[in-house]
Amino acid sequence: MNLVIGALVFWGAAWWVNLRIANGRGRDTRAARLAVPVLFGLTLLVLWEGLVRGLNVPGVILPPPSAIATRFAASLPILWVDFVQTFVKGALSGYVIGCGAAVATAIIIDRSPFLQRGLLPVGNFIAALPVIGIAPILVMWFGFDWQSKAAVVVVMVFFPMLVNTVQGLAASTAMQRDLMQTYSANYWQTLLKLRLPAAMPFVFNGLKISTTLALIGAIVAEFFGSPIKGMGFRISTEVGRLSLDMVWAEIAVAALAGSAFYGLVAAIEKGVTFWHPSQRG
Amino acid sequence: MTEPVITAEKLDLTFQTNDGPVQALRDVNLTINKGDFVSFIGPSGCGKTTFLRVIAALEHPTGGHITVNGMTPDEARQSRAYGYVFQAAGLYPWRTIAGNIKLPLEIMGFPKAEQEERVKNVLQLVDLEGFGKKYPWQLSGGMQQRASIARALAFDADILLMDEPFGALDEIVRDHLNEQLLALWARTQKTIGFVTHSIPEAVYLSTKIVVMSPRPGRIADVIESPLPRERPLEIRDTPEFIAVAHRVREGLRAGHSYD
Amino acid sequence: MTEPVITAEKLDLTFQTNDGPVQALRDVNLTINKGDFVSFIGPSGCGKTTFLRVIAALEHPTGGHITVNGMTPDEARQSRAYGYVFQAAGLYPWRTIAGNIKLPLEIMGFPKAEQEERVKNVLQLVDLEGFGKKYPWQLSGGMQQRASIARALAFDADILLMDEPFGALDEIVRDHLNEQLLALWARTQKTIGFVTHSIPEAVYLSTKIVVMSPRPGRIADVIESPLPRERPLEIRDTPEFIAVAHRVREGLRAGHSYD
Amino acid sequence: ADDLTLQLKWVTQAQFAGYYVALDKGFYEEEDLDVTIKPGGPDIAPTQVVAGGGADVVIDWMPSALAAREKGLPLVNIAQPFKSSGMMLTCRKDTGITSPADFPGKTLGVWFYGNEYPFLSWMSTLGLSTEGGDDGVTVLKQGFNVDPILQGQADCVSTMTYNEYWQIIDAGLSADDLVTFKYEDQGVATLEDGLYVLEDKLADPAEVDKLVRFVRASMKGWKYAEAHPDEAAEIVLENDETGAQTEMHQKRMMGEIAKLTAGSNGTLDPADYERTVATLMAGGSDPVISKTPEGAWTHAITDAALN
Amino acid sequence: MNRILPVLTVVVALIVLWYLGAVAMNAQWTRDQAARAGQELSFTGIVADTLSQDRPKLPAPHQVAAELWQTTVQKSITSKRSLVYHGWVTLSATLLGFAIGTGAGILLAVGIVHNRAMDMSVMPWAIASQTIPILAIAPMIIVVLNSIGIQGVLPKAIISAYLSFFPVVVGMVKGLRSPDAMQLDLLKTYGASGGETFRKLRLPSSMPYLFTSLKVGIAASLVGAIVGELPTGAVRGLGARLLSGSYYGQTVQIWAALIAAAALAAALVGVVGLIQRATLKRMGMER
Ligand SMILES: Nc1ncnc2c1ncn2[C@@H]1O[C@H](COP(=O)(O)OP(=O)(O)OP(=O)(O)O)[C@@H](O)[C@H]1O
Ligand SMILES: Nc1ncnc2c1ncn2[C@@H]1O[C@H](COP(=O)(O)OP(=O)(O)OP(=O)(O)O)[C@@H](O)[C@H]1O
Ligand SMILES: Cc1ncc(C[n+]2csc(CCO)c2C)c(N)n1
Ligand SMILES: [Mg+2]
Ligand SMILES: [Mg+2]
């Protein structure tokens with residue numbers, strides 16, 4: 001009980017500190033912007049630890065963060081192997097193929113409003129197919145190794161990416177396009193020098209959404225058959241073995257990798273679309 | 001000096017919209033000579049922009065006839081006859097000022113060295129030396145508008161078409177740019193078509209003022225300016241200036257409804 | 001008629017920005033009397049908007065002293081002293097014209113019946129009877145701007161502050177609204193603070209013209225207009241008008257850099 | 001009536017016919033029990049459900065129960081309706097496999113999620129690495145169905161005599177196209193579907209009484225099912241809420257299941273238990289359980305229920 | 001109207017591709033079977049067989065259509081074999097989860113907009129929370145909720161709420177922040193309170209954003225409900241159909257359930273779209 005109360009007190013104290021920082025003078029500094037969420041995350045962990053220990057929740061239901069951290073540190077080689085299998089081979093390759101194909105498709109159908117009008121609603125329909133249904137099918141088609149995981153990722157990211165790119169290609173203003181016309185610019189010149197750069201904020205929007213989809217898709221696909229490595233494989237087998245600490249260690253890897261991936265794409269976005277008002281701040 | 005560059009005869013243009021046809025231009029007849037500075041003035045929706053776009057082959061008339069340098073507007077465009085300046089500067093935010101000015105040069109396939117050369121020249125012409133490496137949003141509105149004029153000048157088009165280029169600027173900056181534009185026109189001897197809402201601006205700049213009236217867009221009056229080509233800002237307080245301004249205002253008032 | 005409504009003494013205002021402090025106002029001294037129509041004119045960035053915002057308690061000076069009706073601006077705001085009109089009409093698109101005008105009345109807790117009454121009155125005042133049930137985007141720009149003036153008038157504020165209210169409109173519509181504004185001012189005897197970029201507009205409307213100059217924002221000249229309160233549009237072609245305009249232009253030119 | 005929740009190891013099918021028969025025929029009611037049967041599935045670990053208090057009794061395989069016990073979850077076997085193991089490895093004949101000696105270099109499909117222990121024990125008895133390579137086997141985590149062998153992605157897949165094997169046959173391969181290796185025959189059989197509860201339940205006489213009644217009624221259900229396989233299959237079908245099971249498949253499954261339950265009256269045979277433990281501990285460097293379990297089973301319930 | 005023809009064209013093209021794919025992917029099995037039986041098959045024989053297999057690698061469109069027809073129209077809707085019945089089960093969890101997720105999302109957004117500390121601390125973690133594979137933790141959520149006595153549709157709804165709250169938070173924060181400085185200043189000149197600013201300005205301005213994210217959210221909710229069905233024994237609902245089809249290699253059943261799920265998603269998004277148009281129209285924001 002003391003632990004529970006302790007955790008709650010910590011929570012209150014941390015919240016107070018956060019309020020002070022957030023409303024204080026240095027609130028726009030980089031340090032404050034880092035400290036506040038970190039402190040908040042820390043609070044969540046302390047609360048979790050305190051509740052699990054204080055209420056004697058069995059470790060086979062929900063292990064405390066400390067146990068997860070211990071397990072994490074002890075299992076680095078396995079976690080690494082799983083990470084490579086799922087993230088690098090499955091998610092990343094699927095992400096690149098899926099996003100690349102979507103951009104290419106968007107450019108191809110860009111010249112045909114007819115195709116766009118037809119393809120986008122159908123695309124939205126296909127995008128609504130639940131992964132859990134698609135994954136077993138693709139595992140059956142593409143085998144057990146990372147190829148089928150990449151295929152699932154391709155299917156998941158393709159349509160959000162396509163929709164965003166098509167929207168982006170339409171984002172240049174009529175005036176900007178007219179300007180190109182007064183120069184008698186041809187289709188490719190207009191595409192390269194105007195419409196693609198103007199589309200970048202939208203393209204990156206799609207790329208950002210796709211980062212989380214990619215990782216989740218790759219992990220979920222492993223539930224439906226895999227070699228005996230990979231994050232999804234580990235999660236599903238270790239639940240059955242009641243090694244919940246290992247499961248959470250993998251989830252932590254997923255969350256870290258996913259957030260880092262998102263952060264990386266967001267950073268590239270900042271570099272590429274530096275000119276966009278939303279990036280100029 | 002009086003050879004015609006643009007001749008429009010019985011020009012009609014009707015847009016097909018969802019709410020039925022909109023007649024934007026009706027029976028427009030006009031001749032613009034080489035070296036003219038022609039202003040178009042008229043209430044909103046009277047077809048000023050549309051007429052400029054027809055000249056630049058961005059719209060095609062549904063009736064009548066127009067020639068530019070003896071060619072059709074489309075052919076004239078192919079031969080790079082137009083520099084077009086829009087109301088908003090419309091610089092591409094992902095290119096530097098120099099990059100923006102280079103844009104038409106790249107498209108028209110000028111050699112790299114010449115591109116640099118021309119960028120340098122026009123930057124000087126519009127008083128923006130040293131700003132080539134800046135991005136558009138780092139410049140004030142007036143500077144952006146000058147850059148967009150530089151962009152239109154860079155490839156030496158015969159005809160400069162400007163659609164309310166200074167509409168978004170404050171009056172002082174506007175006065176200043178007007179002076180500069182006159183100087184530039186004097187130096188380059190270009191033919192200029194200029195759309196504006198401001199009576200003093202039209203009178204101050206033009207050799208010929210075309211007053212238009214709406215619904216459908218027609219030419220209500222064409223005023224040949226009696227003012228000399230040399231025009232200090234003070235000319236605006238002279239009786240000749242005020243007389244011309246008065247005639248323009250009368251022409252406008254005639255065809256105007258207030259909403 | 002000469003009791004002071006607004007007095008500013010040695011007003012300073014410095015913004016703290018990421019690039020260091022920006023001094024927007026420096027040593028501003030000004031008295032505005034009841035019933036005055038005061039225009040503020042000056043190049044972009046000279047602090048016109050900032051000064052208006054200080055009066056309305058939207059910014060707080062970092063130095064000096066300002067009173068409104070003998071109170072601080074904050075107190076004056078609590079006592080509903082201000083009607084503020086922004087450059088864009090800024091009507092809420094999800095409310096009808098009547099609903100927009102009702103907005104301040106709802107917030108200030110007027111009884112329902114009185115709200116309707118007042119909406120009716122101000123719609124009449126700005127010549128918009130019959131448009132109460134329309135949505136803003138169903139109206140032209142000029143009509144929207146009139147609605148936003150009606151909104152500011154609805155709760156009978158003593159002081160009307162207008163920040164470039166007609167900046168986005170074309171000259172003819174603008175002339176028309178200027179006439180209406182003068183008529184309205186004559187009828188209601190309000191004190192008006194008016195920001196503009198247009199010299200003719202400032203001269204045509206004001207009893208007092210405040211010319212400002214930038215970096216940091218100071219008052220360069222205060223011109224008491226010799227024009228009568230009755231002002232037909234034609235007054236703009238009179239020598240008195242042209243003289244005042246000339247003085248304003250000189251004042252502006254003095255403190256201006258062209259970017 | 002006393003409430004009792006039973007968590008199955010897998011979806012509603014004839015594998016669990018005894019319990020459904022007992023429910024349907026009112027055997028539980030006769031014992032004054034109100035039994036809820038929760039179907040399982042690929043995402044459900046019975047051990048975790050019982051740990052979370054979601055069920056009073058769970059059906060699980062002994063390897064997984066013992067492994068959980070070593071993890072600190074005190075599961076106790078209170079009855080063992082299944083005498084023999086139904087697990088086997090089914091291979092395509094055209095892969096050239098005729099005996100376990102042919103396994104090296106082959107790809108084998110295995111169920112995980114707590115079902116992998118018998119296989120791992122077998123491989124370590126054979127001395128085969130599961131990391132692939134020429135002298136080991138490549139292991140795939142087999143999904144829910146037998147597609148890998150049909151699509152040729154695996155040389156062998158795990159099957160149960162009563163279920164997946166017949167799915168392969170139904171899919172169009174004939175028994176002649178296949179080679180099967182029963183765990184029973186390979187001497188690595190481990191006990192399957194047993195009834196498990198948490199240790200602390202056994203300390204409470206009221207709970208013990210409930211369990212006794214439950215086991216008695218369940219075994220009555222099993223014996224009824226063995227005697228009337230077709231009726232039992234019908235009952236299972238009625239209880240299948242997914243509506244995905246077919247009559248033909250369930251009747252055939254019931255026939256196969258009857259063979260596995262035949263030798264048991266519900267009492268755990270300590271010899272079977274010892275054999276299971278020995279198999280699990282034999283796992284070379286990485287055994288499934290590392291020390292002999294204590295108190296992992298009891299006859300207290302079956303003794304009271306069946307005598 | 002001018003959308004129908006293009007969509008039909010694309011659908012027809014897709015179906016043609018689908019048939020070709022079915023023939024190509026199922027042919028291997030047909031040939032193997034023939035070889036095993038020692039038969040020679042003509043080309044038409046192969047094509048005919050590939051389009052009528054029991055467990056095809058890719059079922060032909062007409063097989064899926066037939067299955068859909070049988071399991072929707074020809075079965076009583078209370079039957080366990082009726083997709084309508086399973087669809088309803090999923091739908092109820094979806095709607096409950098959507099309601100919870102939307103409510104939580106809006107509350108969180110209000111908190112974020114009005115409290116800087118919340119803004120700075122919650123947003124990064126909300127993003128991180130979406131990188132956690134829900135399918136992995138769904139079983140644990142179910143077990144944990146079970147251990148504190150929560151059963152039935154609620155656990156499913158909570159998983160579905162977890163997926164739908166994020167788009168709502170993001171959209172709503174954007175929406176509540178969409179009023180520009182001028183609109184906010186206007187209310188200040190009236191001396192309006194924070195509550196009035198919220199009711200009269202922020203809330204109405206956020207509506208278009210809210211609806212856009214509700215469309216994303218309801219589709220996510222459906223996915224969540226389907227995921228949530230798996231660890232509860234997968235006995236009822238479209239998720240159960242998908243999974244039991246998967247257990248038994250019933251590809252036709254999987255595809256039918258998949259199409260049904262996508263159709264349900266499309267219908268839900270469509271309904272939200274209709275509500276959006278009606279609401280915005282009433283608010284005068286739809287032109
Ligand atoms: N692409 C178009 N489709 C349909 N109608 C159009 C189109 N472009 C212009 N119009 C209509 O043609 C008429 C003339 O428009 P135009 O833009 O030439 O007016 P303008 O004189 O430039 O007005 P402004 O001063 O507001 O720029 C207007 O009624 C306008 O609504
Ligand atoms: N919130 C702010 N933070 C920092 N600097 C500001 C802020 N508001 C205004 N400034 C700066 O203060 C100076 C005066 O600005 P102000 O908006 O009052 O000018 P203005 O005369 O209204 O110009 P314009 O004619 O362009 O509207 C400018 O240099 C501007 O950049
Ligand atoms: C993902 C997955 N995990 C385990 C099993 C194995 N399993 C547990 S109980 C049982 C009896 C069923 O027929 C079987 C086969 C499976 N099939 N799929
Ligand atoms: Mg125009
Ligand atoms: Mg301003």
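1. Contact here means heavy atoms within 4.5 Å. By that rule no contact joins chain C and chain D, and their closest C-alpha atoms lie 49 Å apart. Chain A and chain C are also without a contact, with closest C-alpha atoms 10 Å apart. The model is a predicted one, and the values below are to be read with that in mind.

2. Which of the 6 pairs of chains in contact share the most contacts? Chains A and E do. Chain E brings 51 residues to this contact and chain A brings 50 residues. The two chains bury about 4200 Å² between them, and 85% of that area is on carbon and sulfur atoms.

3. How many salt bridges does the rule find across the interface of chain E and chain A? The number is 0. Polar contacts are present, however: 3 residue pairs between chain E and chain A are counted, both residues being at pLDDT 80 or more. On the side of chain E that touches chain A, the elements giving two or more residues are α1 (4–37), α5 (116–129), α6 (134–147), α9 (194–229), α10 (238–247) and α11 (251–282) of chain E. By class, that side of chain E has 40 nonpolar, 8 polar and 3 charged residues.

4. Chain E also meets chain D, in a contact that takes 35 residues from chain D and 33 residues from chain E. About 2800 Å² is buried between chain D and chain E, with 51% of it on carbon and sulfur atoms. Three residues deserve a look on the chain D side: D:Asp43, D:Glu241 and D:Thr242 supply 23% of the area that chain D buries against chain E, more than any other three residues.

5. The rule finds 1 salt bridge across the interface of chain D and chain E. Its partners are D:Glu241 and E:Arg236, whose side chains meet with an N to O distance of 2.2 Å.

6. Where on chain D does the side that touches chain E come from? At least two residues each are supplied by α6 (147–150), α7 (164–171) and α9 (229–239) of chain D. Of the elements, α9(D) gives the most, with 3 residues. The residues of the side of chain D that touches chain E divide into 12 nonpolar, 15 polar and 8 charged.

7. Turning to the ligands, 13 residues are around ligand 1, and those that come nearest are B:Ser44, B:Gly45, B:Lys48, B:Thr49 and B:Thr50. Ligand 1 exposes 630 Å² when taken alone, of which the protein buries 63%.

8. The shell around ligand 1 draws at least two residues from each of β1 (4–17), β2 (20–33) and α1 (48–55) of chain B. The largest share, 3 residues, comes from α1(B). By class, this shell has 4 nonpolar, 7 polar and 2 charged residues.

9. Ligand 2 has 13 residues around it, and C:Ser44, C:Gly45, C:Lys48, C:Thr49 and C:Thr50 come nearest. A backbone N or O atom of C:Cys46 is 3.2 Å from an oxygen atom of ligand 2. From side chains, a polar atom of C:Lys48 lies 2.8 Å from an oxygen atom of the ligand, and an N or O atom of C:Thr50 lies 2.4 Å from one. Of the 630 Å² of accessible area that ligand 2 has on its own, the protein covers 63%.

10. Around ligand 2, β1 (4–17), β2 (20–33) and α1 (48–55) of chain C each supply at least two residues of the shell. With 3 residues, α1(C) gives the most. The shell around ligand 2 divides into 4 nonpolar, 7 polar and 2 charged residues.

Conventions. Residues are numbered from 1 along each chain as its sequence is written. Chains are lettered from A and ligands numbered from 1 in the order in which they are written. This is a predicted model: local features need pLDDT of at least 70, side-chain atom pairs count only at pLDDT 80 or more; totals for chains, interfaces and linings use all residues. Side-chain values use heavy atoms; hydrogens and water are left out. A residue is near a molecule or strand if one of its heavy atoms lies within 4 Å of it. A polar contact is a pair of N or O atoms within 3.5 Å; within protein, one must be able to donate a hydrogen and the other to accept it, and residues adjacent in sequence count only if both atoms are side-chain atoms. Accessible areas come from the Shrake-Rupley method with a 1.4 Å probe; for residues, only the protein chains shown count as cover. Helices (H or I, at least four residues) and strands (E, at least two) are DSSP runs, numbered from the N terminus. Ala, Val, Leu, Ile, Met, Phe, Trp, Tyr, Cys and Pro count as nonpolar, Asp, Glu, Lys and Arg as charged, and the others, Gly among them, as polar. Buried area is the accessible area (1.4 Å probe) that two parts lose on being put together, summed over both. A salt bridge is a side-chain nitrogen of Lys or Arg within 4 Å of a carboxyl oxygen of Asp or Glu.
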